[in-house]
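Here are a few notes to read with the model open. Take the points in any order you like.

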Amino acid sequence: MKMSKLMAPTLRQTPAEAEVVSHQLLLRAGYIRRSSAGVYHYLPLAHRVLQKITQIIREEMNKADGQEIVMPVMQPAELWAESGRWHVYGDELFRLKDRHNRDFCLGPTHEEIVTDLVRNDIRSYRQLPLLLYQIANKYRDERRPRFGLLRGREFIMKDLYSFDRDEEALDRTYQSMYHAYSNIFKRCGLTFRPVEADAGAIGGTGGTHEFMVIADSGEGAILFCHQCDYAANVEKAESALTETVSPQEPLDMLTVDTPEQRTIEEVSNYLNISPSEMIKTMIYRADEEVIVVLIRGDHQLNEVKLANLTQALDLELASEEECQQISPGGQGFLGPQGLGALKIYADKEVMKMTRAVAGANERNKHVVNLCPGRDFQVTIEADLRMVEAGEACPKCRAPLEEARGIEVGQVFKLGTKYSTALGCTFLDEKGKEKPMVMGCYGIGVSRTMAATVEQNHDEVGIIWPMSIAPYQVIVVPLSYKDEQQREIAEKFYQNLLQQGIEALIDDRDERPGVKFKDADLIGIPIRVVIGSKAIKEGLVEVKVRKTGEQHNITVEEATNKVMALIEQGFKNT
RNA sequence: CGGGGUGUAGCUCAGUUUGGUGGAGCGCCUGCCUUGGGAGCAGGAGGCCGCACGUUCAAGUCGUGUCACCCCGACCA
């Protein structure tokens, strides 16, 4: 491809709208342009990268017996009503009506429609397992699209759905997908980590893993152990219970004055105690029910764990007004004692306390020597806290480490949630009708491209891994006007093309500096410069973008060198 | 959805306080010159100052409304 004809509008300055580095560089290097919030054009270079990624995905999915199909983006509301998600999914679903006033939505995910497809045509255990996948645009009306391609409203996703006869067969499918995913991200040149995760709204009964690309800009936090293989999203992470320090004998509960001392920090300072000696009392509204949640003062509540425990669709911290109706002291003076018939959810660590400090349910007063089980009864005791770095690994007790990551893929065991709701059944060898056991497996394709940039860049631009670079080589004649240089460069470029190498030639009438800056910015792995040395001494310069290694060799040797470097690039990814 | 911010040339941004013929740098076009890391000179094109209504002799500038975009939070297969 000639640079003079390539639509890659590079920018010298970073557009003000971009915050994260992948967004900045993809805009600056002329890969993407914004159409509306969270919706982007993919220009030629981006399209080539996406093609590379999807090709890798196809190969690995097909190897695992996946069959590629294309399903409708526009889906009828009836199917979503059948699964119950038409009402559950909320504002995030892009909804539309046709001219007959019938309801449709733009698919944010395809469980309903694929289950509908399969239930109509698959009847026998002989046809299972069945693995169907597609690579398509997905639509989610995010409350707040951000970070460029990392959180858009329209994005490219690969989703595969598996249909098995029983849990055991699903386990095998799940394992094979897990391995396929590892291969895919490895081949894309990413540093990633599969972690145990929460199933979220998609539901399902089995396990789930997220594939996280390690990057400081990631929205997700993960905890992992480097002594064993334990790794989990913070939403899911557990830790070995802390050692019980010789429990103190309970003392009589007393009320003390704490004028205007509301937060854990204020009260612990005022009473000269540690936050770990306090009980944090929070009032939540779980759908229509008001509940009390207790956590040790120095711990953080994990709302995902609480939501899973309560099974509430809508879980929200109660307002100040609601708190005052329950406890006259209002926020800052809440305590679990004497709250009547409200359900009390307590973290396990709270139950070990014997002389705790909590609000007195009275303004400007707290109680000391509060003892769970004696002074109040707990309805449900469970792990409700956010695990922090340094705590003991639940498997091997080594200290956990924390990292941030970008979720590029997730594998789920769905079980029979959708097959039961939609009546997707088969007959087993005994002629008995059973619901299929399903799994679903997604990869954010456009997000993977952005995540790769997050992980592979320097101060001057993108550094693509060889396997997904839009072009492998860029040929730069320093002066394309110079007839000799042009001839040598063109011949060399044609030669590369004949070898099946994906090459660009910078035939623009620009100064060398401009060409170098653009080549670095768009991140082509190998650059071959042809200047006056090529004419005088027959030497060209072959430079590797990632390492900076440079070879001054003859034009004749250069093709082989380039091929060797490409091969090496593939090996390293 | 709550809080904050920004809309002026393709990009980055002055100008708005105090109303009076719309600017700079970069990019773009033409010519000269230059050619190993975003050169130089000369000339040029390009703006519904987000949109609407209002105040005024006069609005980029003041008022009201509205739309878009960005950030923080909440939320998020």
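1. Thr547 sits in the loop that links β30 (539-544) to β31 (550-554). This is a predicted model, where local features need pLDDT of at least 70, side-chain atom pairs count only at pLDDT 80 or more, and totals for chains, interfaces and linings use all residues. Residues are numbered from 1 along each chain as its sequence is written, chains are lettered from A and ligands numbered from 1 in the order in which they are written, and side-chain values use heavy atoms, with hydrogens and water left out.

2. Is Thr547 buried or exposed? Thr547 counts as exposed because its relative accessible area is 55% (buried is under 20%, exposed over 50%, partly exposed in between, with a 1.4 Å probe and protein chains only). A polar atom of its side chain lies 3.2 Å from the backbone nitrogen of Glu549. Ile463 is 84 residues away in sequence, yet its C-alpha is 9.8 Å from that of Thr547.

3. Now look at Arg363, in the loop between β18 (356-362) and β19 (365-370). Its relative accessibility is 44%, so Arg363 is partly exposed. Beyond its neighbours within four places in sequence, Arg363 is in contact (heavy atoms within 4.5 Å) with Glu260, Arg262, Gly329 and Phe333.

4. Which side chain does Arg363 join by a polar contact of 2.7 Å? That partner is Glu260. A polar contact is a pair of N or O atoms within 3.5 Å; within protein, one must be able to donate a hydrogen and the other to accept it, and residues adjacent in sequence count only if both atoms are side-chain atoms. Asp257, 106 residues from Arg363 along the chain, has its C-alpha 9.1 Å from that of Arg363.

5. On to the domains, with bounds from an automatic or database domain assignment. Chain A gets domain 1 (21-238 + 402-454), domain 2 (254-382) and domain 3 (471-572). Taken over C-alpha atoms, the centres of domain 2 and domain 3 are 67 Å apart.

Methods:
Helix = DSSP H or I, 4+ residues; strand = E, 2+ residues; numbered from the N terminus.
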